[in-house]
Amino acid sequence: MTRGRFLFIIATIIGLIAVAVLLRTKDVPPEIVAASVLATTLRFATPITLGAIAGLYCERSGVVNIAIEGMMLAAAFGAWSAAAVTQSLAIGLLAGILTGMLMGLLHAWLSVTFRVDQIVSGTVINILAIGLTGFLDSQVLSKAHLNSAGLLPQLPIPVLSELPVLGPIFRQQPIAWVSVIVVVISHYVLFYTRWGLRTRAVGENPRAADTVGISVRKMRYANVLIGAGIAGLGGAYFTLEAVPSFEILITNGRGFIALAAMIFGGWTPFGAWAAALLFGAANALQINAQQFGIPIPSQFVGMFPYLLTIIILAGVIGRAVPPAADGVPYETE
Amino acid sequence: MRKSLYAMLLLFALVLPLLAACGGGTAAQPTAAVAPPTAAVEAPTAMVEAPTAMVEAPTAAPEATAAPEATAMPEATAATSGTGTIKIGMVTDIAKLGDKGFNDSAWEGVQQAAKALGVEPKVIETTDPNDYQKNLDQFISEGYNVIVTVGFNLQEATVAAAKANPDIKFIGVDQAQTDVIPNLAGLIFNEDQAGYLAGVLAASVSKSGKIGAILGTDAVPAVWRFGEGYRAGAISIKPDISVQTVYHNDVGFDKTFSDPEWGKTTALSMIDQGVDVVFGAGGRTGNGALLAAADRKDKGVYAIGVDTDQYLTVPEAKAVLITSAVKIIPDGVAKLIQTVADGTFKGGNNFGTVGLAPFHDLDSQVPADLKTKLTDIQKQLLDGTLKTNVPAAKPGS
Amino acid sequence: MRHFPFGVSGVVMNAQGLLRPVRAALLPLLSILTALIVGGVIIWLAGPKLNGDWLGVKFVLDGYAGLFQGAFGSQKAIISTLVRATPYIFAGLAVALAFRCGLFNIGAEGQLALGALFAGGVGFSLHGLPPLIHLPLTLLAGMLGGFLWGMIPGILKARTGAHEVITTIMLNYIAAQLTGYLLNGPWKDPNPNNVTAQTPKIAEAAHLPLLLPGLHWGVILAFLAAIAVWFFLWKTTWGFEIRTVGANAAAARCAGINVSRNIVLAMGLSGMLAGLAGAVQVAGVNYRTILGFNAGYGFDSIAIALLGRNTPLGVVLSALLFGGLRNGATLMQFRTQISSDIISVIQALILIFIAAEQIIRWIYRVRVPSGLSEQVTLSKGWGKS
């Protein structure tokens with residue numbers, strides 16, 4: 001992710017917020033609108049960020065992961081069910097992460113051990129997740145009449161959340177904070193630790209890594225599991241932090257937007273985060289436009305993240321360079 | 001030799017189910033009794049005195065070529081059916097049951113009527129919009145006498161089925177009939193009136209002068225009318241009030257009414273910008289708006305529910321839910337089914353009752369004169385002296 | 001060397017008794033059987049279990065009986081299954097054709113939507129044309145729509161190396177938004193009685209005639225399309241080039257084959273087939289374009305292509321199976337209240353067993369001789385290969 005592209009993204013986000021402020025109805029002060037749009041952006045961006053980072057770990061080690069959607073969906077279900085049964089949010093959170101990892105295990109098993117094509121493996125997980133969660137929801141959940149365990153409480157940052165205008169931005173729930181922390185940690189891990197180096201080696205040139213003694217298989221399994229766990233956290237966001245109920249298809253394509261964000265962000269943590277914020281801002285703009293009564297057909301704004309990704313992939317705004325061995329099953333000779 | 005035999009046996013095993021299929025005929029009756037989910041909704045009581053008889057339809061239904069004659073609903077009679085067992089079925093839209101609103105209340109009405117008649121009703125939840133016809137056919141081929149279809153998406157299939165099966169009675173919830181088909185009764189409501197009342201209340205209790213509504217999609221007339229009625233009612237109290245309406249149009253129908261997370265984020269966006277009354281009118285998406293208000297309870301935000309008394313169905317929002325704009329679906333459905341049993345069923349449009357749900361915990365925050373005003377306005381809406389001037393559907397593009 | 005287990009594998013038999021087609025179908029059939037068994041276990045877990053009749057097993061059997069009866073158990077059911085399977089056949093062929101060129105077309109859903117859009121547009125906006133002109137025109141419009149939508153990722157891949165998996169997924173969403181905009185807006189049926197997001201009804205002359213009550217000619221078109229695809233891929237030079245590119249793009253290039261052009265062609269044709277699926281639905285079933293009618297075809301078609309080993313015959317059979325399963329799910333739900341989502345689970349299981357055929361081979365002790373597999377190379381990663 002070049003600095004130029006990063007700045008471009010940040011500039012676009014600011015631009016979108018500015019547009020929202022300009023479009024506002026005159027009775028709301030501009031700084032309130034700006035803060036509100038920023039807060040909305042962060043809310044939309046949280047699951048996308050987590051999903052993108054999840055994909056990042058997998059892909060950096062050379063395993064294509066289009067199953068982020070399925071992992072998040074399954075985790076959302078697992079998290080809610082566990083929390084409702086035990087009436088403990090902590091257990092629900094754990095269950096979400098574990099469910100994600102379970103899906104990741106399947107993905108790794110199929111694509112690393114069986115060397116099934118990784119896209120097929122990802123597709124399988126998506127279909128499986130949709131089917132299982134839908135089935136269990138109708139057959140078991142709706143008949144069980146469980147009460148939700150509630151939502152994760154807000155964790156306002158002590159001083160900053162009292163600020164007059166910017167305050168609401170710093171009043172977020174745990175998983176939203178974690179998503180930011182995960183971005184920072186991932187950046188450090190990926191680029192400044194030996195683990196990260198090994199991961200990237202396995203993703204760029206597994207043959208060379210193998211000859212140096214790095215176990216390609218172990219690294220890939222590990223990274224897929226880590227990534228899937230993060231995706232699990234993203235899934236838990238939907239049912240433990242956003243709303244206290246599970247809906248079928250609650251992820252609603254966010255996993256694919258996360259994939260787009262990862263690519264758009266050039267397979268780097270900060271890039272992915274910036275992309276997620278961009279997509280979140282576009283969504284926020286669309287909502288605000290409706291609030292102000294401006295008739296932008298919502299579908300055009302809805303297309304925005306997807307069009308951007310295609311443009312990026314086509315190299316119009318810089319190239320999108322994936323890890324070199326991304327998608328290639330590794331065979332030890 | 002052994003391997004090929006083994007393989008042949010396996011292939012044969014696969015063919016067996018096909019044989020079972022061709023065997024056709026009656027399948028063994030499922031041992032598990034069909035246990036439809038019981039709706040958690042109690043019979044809602046309209047806060048304002050609702051007339052016990054159903055309302056007469058205005059003779060000029062807007063944009064309809066032939067004004068259907070609506071019938072005044074008869075009083076619900078005790079179960080007197082001696083005409084043999086009546087089979088009652090219901091087909092939902094893809095939002096399925098468990099929406100704590102629309103579909104659930106229709107099901108509740110069906111169950112109510114069925115219980116009074118001493119029968120077990122059955123429900124098919126549609127999962128694929130291509131299946132409406134098929135699901136209806138399922139009931140038709142099994143000889144059901146009354147089929148209730150829920151939601152205006154099923155209108156076309158219901159009309160076709162009604163025309164093709166004149167001996168079966170159909171009840172279409174939220175399906176406004178333009179022609180009178182003798183065996184098809186459309187149960188419709190004046191959502192704009194309920195919305196109007198909600199808007200009056202909202203404008204009166206709002207301190208910031210900004211109110212908002214989170215809605216499913218303006219492509220569904222009932223939803224759009226809720227929103228526009230809300231706006232009209234609010235403006236009648238405070239002409240310069242700011243009414244923000246946001247529709248979840250950017251997703252397909254399968255998500256429009258089942259996206260509480262979007263509803264919550266959008267409502268929070270409104271609240272952060274000064275809105276202090278939020279009307280959630282979009283199935284589960286709207287429920288998210290109620291949760292957002294609950295989240296910001298310290299700011300003194302109110303929430304208004306929709307379709308049923310959501311105080312009972314979304315308990316997380318109890319502290320901020322001031323009322324709900326209700327359409328009393330269970331009663332309407334139950335009464336219509338009763339007419340089938342009595343033989344007094346009439347096709348065409350039947351209007352159900354609308355009103356506001358009780359104020360519950362926030363009752364003390366509604367001043368007495370406001371309560372009186374709401375009662376008066378409801379009377380005027382019902383007898384036609386006050387009009388909301390909201391058309392039946394969003395004017396075409 | 002990359003291992004891609006979608007080839008035709010033989011089964012080692014000591015006896016020559018089994019016909020080759022049976023051998024080829026063995027693994028897929030075993031996958032289906034195993035998936036049904038596992039699915040049955042899941043249903044059992046969610047059902048009455050040990051309290052029910054026969055320890056709950058009867059519940060599962062009732063469910064499956066309903067499923068198969070609903071799919072194939074009566075003339076009406078079979079007709080319904082055929083109608084349901086028709087778009088699956090087209091979409092499955094689309095995905096299979098792309099696979100043969102080494103391309104992963106996940107965009108069938110979007111291409112289908114564009115096809116339906118174009119077809120519906122031509123169908124309702126032209127009047128007074130005789131059926132001989134209007135109907136083919138409608139179908140051709142659908143093919144054009146799908147072709148264009150398939151060509152875009154093809155061109156992107158050929159020119160810039162952008163991986164078609166992502167571009168097709170993105171285009172799916174864009175297609176959904178575009179359709180939503182048009183059907184809620186400019187193309188919405190202006191009839192005041194209409195409130196749904198759909199186009200006006202297409203002209204009578206654009207309807208697909210009925211073969212039997214409830215069965216439209218689209219079914220025949222689907223079978224013809226399968227034959228056409230077979231002929232194209234195995235009996236023409238273009239088809240040969242496409243398959244060569246799929247087997248080994250580098251070698252194809254060395255042999256003088258224009259890889260880029262073939263990629264674009266394959267994606268375009270693939271999209272065209274998917275577009276035809278949409279057009280046939282419009283002209284044969286709905287008689288208009290309705291928002292959301294195409295939900296779910298995307299993943300289903302991938303499963304169908306893979307199960308059918310990317311061969312036209314396999315695709316047709318798989319499409320019939322999947323169409324049957326989806327169709328029969330209604331009766332299953334009606335009789336036993338088992339949610340039709342289980343079909344997706346079974347689908348996923350079938351895919352798992354197909355993709356990781358070692359599992360099936362291990363379970364049933366089936367041996368594979370070396371060198372009989374036909375390899376199809378999929379592009380690696382997201383960028384330029």
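**Domain and chain interfaces**

Mentor: In this predicted model, the rule finds one salt bridge across the interface of domain 1 and domain 2 of chain B.

Trainee: Which side chains meet in that salt bridge?
Mentor: They are those of Asp174(B) and Lys327(B), at 3.0 Å from N to O.

Trainee: How much area do the domains bury between them?
Mentor: About 960 Å², with 56% of it on carbon and sulfur atoms.

Trainee: Turning to the chains, how much do chain B and chain A bury?
Mentor: Between them they bury about 2900 Å², of which 48% is on carbon and sulfur atoms. On the chain B side, Lys255(B), Glu261(B) and Gln273(B) lose the most area to chain A, together 22% of what that side buries.

Trainee: How many salt bridges cross that interface?
Mentor: The rule finds two between chain B and chain A. Asp272(B) forms a salt bridge with Arg43(A), with the closest N and O atoms 3.4 Å apart.

Trainee: Which elements of chain B give two or more residues to the side touching chain A?
Mentor: These are β7 (242-247), α7 (253-256), α8 (260-272) and α9 (283-295). The largest share, ten residues, comes from α8(B).

Trainee: What is the make-up of that side by class?
Mentor: It has nine nonpolar, ten polar and 14 charged residues.

Terms used:
Residues numbered from 1 in each chain as written. Chains lettered and ligands numbered in written order. Predicted model: local features only at pLDDT ≥ 70, side-chain atom pairs only at ≥ 80, totals over all residues. Heavy atoms only, no water. Buried area = accessible area lost by both parts, 1.4 Å probe. Salt bridge = Lys/Arg side-chain N within 4 Å of Asp/Glu carboxyl O. Helix = DSSP H or I, 4+ residues; strand = E, 2+ residues; numbered from the N terminus. Nonpolar A, V, L, I, M, F, W, Y, C, P; charged D, E, K, R; others polar.
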